[in-house]
Amino acid sequence: MSASKKYKYETATEIQQTDTENFNNRFRKNADYFSAGPSTSAAATKGRTALGQQNTNNNNNNTMQRSSSNSSITANNTTNSNNQFTQSGGAGNGSDANGERRSNFSMLEASNVSEHRSSITTSSHFNKMGSQNATKPGDVKKIVIKNFKVKPTLPENYSESTCQKLEEAVVAIQLSKPIKYILEELYQAVENMCSHKMDAQLYTKLKDLTEAHVKRNVETFTGGSMDKLVFLKKINNWWLSYCQQMIMMRSIFLYLDRTYVLQNPTVHSIWDMGLDLFRTHIALNSLVQKRTVEGLLMLIEKERNGDAVDRALLKSLIRMLCDLQIYVSAFEDKFLVATRQLYQAEGQRKMQELDVPEYLQHVEKRLNEENQRLLHYLDSSTKYPLIYTVEKELIAEHLTQILQKGLDTLLEENRLSDLTLLYSLLNRVKNGTAELCGNFNGYIKKKGRTIVIDPEKDKNMVQDLLDFKDKMDVIVRTCFEHNEKFTNSLREAFEFFINQRANKPAELIAKYVDMKLRAGNKEATEEELEQILDKIMVLFRFIHGKDVFEAFYKKDLAKRLLVGKSASVDAEKSMLSKLKQECGGGFTSKLEGMFKDMELSRDINIAFKQYVVNMDGEVTSIDLTVNILTMGYWPTYPLTEVNMPTQLVKPQQVFNKFYLAKHSGRKLQWQPTLGNCVLKARFDGGPKELLVSLFQALVLLLFNEKDNLAFEEILAATNIEDGELRRTLQSLACGRARVITKEPKGREVEDGDQFHYNNEFTNKLFRIKINQIQMKETTEEQKATEERVYQDRQYQIDAAIVRIMKMRKTLSHNLLITELFNQLTFPVKPADLKKRIESLIDRDYMERDKDNQNQYNYVA
């Protein structure tokens, strides 16, 4: 609607209500525009109240004219939410037809007052009519609005006086003096100026005043020399004061900020204009910037050296640089350079002064301190480059030195907390964990090799390996966060060093298992024994020559089963199950056959006892128990012929007759080396039962005929092998239970020694076990076992060659060797493979190609 026409109310039927509220609503509404800052003071509140009272007293007749922008009028059941009238074909928001904003009328000429009063009189008349006629509920209300006949104008010299008033207010704010004008009045003056197209002039004037104020104070920061800390406090105080001034001015000129600035994209907001002026004339001044940055770096360096500094001052100034958008260019780059220089020198110095654990703790402390600085005053954008710089100078640059100087010591002393810290720090830098993993692998190989290679440590080798493996597992699990790379590296290192000594680790592991599964071991419970077996299987997986383990394990298992020394059948079968799961049924088929033989032997002995009971004669005086062993399942034992006494020969003959009657076509071969007996002996101290081997029994039975026997007589009577007889006599005459005596006395049995029955033998036990003195296994038995393993390997190599050649028909030498390495499960040298190839060629399984000597052909 045009602002040049005067509004007039007319009613078609009746008017229900006329809003008679005054300018207080408008001023309450305008008060909400002010920002929450120092400008919204009690003075402003007081000004609004005073101005509202003035408007109420002086402009009571202006209701009709102001109703378009100040009143809320209900018409046709619709409320205009913006407190403005709109009319078709006219402009809204209090503007004329040309888009001009109508002015507020707080200072209109006196000539217009009479017209306003006549309007309000007419309005009052119609209000009275409406109150008399509005008796029927639901009647339709209609309001007709007519324009003013004369366009409102500003008083003369209004622009000059208002600009002078606003300038005085701005200067007072800049000088921190009281403002003599009411803030509401100043805000209204800005709005009036903007409504009459004087906003550009007003903005330029405000900018000039602000720029002049900033320029006047530049010399404050550039003149003379002053202490860095004093300078920082001075510029910080001026900056904070300047920000408060800009907030106050923005509150007064808020209408300008929300109209002129928004309509002109190239014009800065009042706040941004103030920052730009500060940045241009003060912050970008080379001397001011240099002093500011140097002061900041000085305070940060002091804090890094352990001194207490004013963090609030640092935070305020760094926030100033961020607000001025010069943080990166003016401060961050120089800060990072200073940081790099500081920690570069510190890292080199500390690496020389401190041990690795102390150095790692120092690095962790420094990283925590830098994170605290980021939290308290540094900008968050600095986090990555700052932490990267610290990590690079304190960790990455000294990575090799840290690992070479301290890793072995930390691992050797099992310092879990320091290892955890080492892993967490190295995990922060590039290639840190890879370098740590490589050095970890090298330590395991070096340490493990000392355990395996030294023959003097063979006695405790397996236990040392188990302890070492447990120790490394704990480190990988707790310190290295169960990292898969470290787990694989640990496995590879163990597999490498444990096979550095061929065959011996496999042999010793088999003997260790025998010790744990033998009766009388120290494992208290089956659960503990099961845990030991699980750990043994971990070492077993690392062994390449598993056939060596099988050979020694089978030999020891045979002794446990035949002598009855097994601690637990369940434990034996559990170990067998683990081996089967690891290596397959072919690996354990013979071991399972040994258990089946023992079960069948029990049934055969029960039947034999029943057979003997039903027989006529005196064969029942000896309780004979026989174990029937299938030769293919059990270890190969040397055949030994000994002279058996008549009382032992007859029961054997009876068993032969019994067994062969049931199983015709089979052949029994007695093994005296595996037999054991229980003898009843009479001494002066009383009768005893002696648990002895068959060889010991043969020697003791000779003393039933004579009390004194020479070594040569015993040898001729028993026909026991010379070395075995000497060990047997040694166990009877020189051991703990000396049932016979030797002359001359001594530990060794020599030719010509005389042996006497010891009738004075005493022992508190009734049943006494006399242990056989075992021959050291490092000589004949061990060599025999190794020879059997070597022979079995030759058979496997031959079978693999024939199998490959039968499938390929023709193959070159190199390809054949490669195929053999892929198929064979035990370590083998190329020279050994070549010998087996030559052997098969000699036996006509294959031949060399006539045209190419490096190629083989299969012979069908």
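Predicted model: local features only at pLDDT ≥ 70, side-chain atom pairs only at ≥ 80, totals over all residues.
Two strands are taken as paired if DSSP finds at least two bridges between them.

Strand S5 (676–683) and strand S6 (residues 686–693) are joined in the antiparallel sense, with 8 bridges between them. Within this pairing, Lys680 has Glu689 in S6 as its bridge partner. Helix H28, spanning residues 694–702, packs on the sheet and touches both S5 and S6; the direction of H28 makes about 135° with that of S6. The sheet itself is open and consists of 3 strands in the order S5-S6-S10, with mixed pairing. Its edges are formed by S5 and by strand S10 (767–769), each of which pairs on one side only. On average, and with direction ignored, neighbouring strands of this sheet are turned by 25° against each other.

Further pairing involves strand S9, which covers residues 754–757. Strand S7 (residues 708–710) pairs with S9 in the antiparallel sense over 3 bridges, and Ala710 has Gln754 in S9 as its bridge partner. Strand S8 (residues 740–743) likewise pairs with S9 in the antiparallel sense, here over 4 bridges. In S9, Tyr757 is the residue that stands opposite Ile740.

In general, the strands of a sheet pair through backbone hydrogen bonds, in either a parallel or an antiparallel arrangement.

Notes. Residues numbered from 1 in each chain as written. Heavy atoms only, no water. Helix = DSSP H or I, 4+ residues; strand = E, 2+ residues; numbered from the N terminus. Axes fitted to C-alpha atoms, helices over the stretch in contact; angles between N-to-C directions. Contact = heavy atoms within 4.5 Å.
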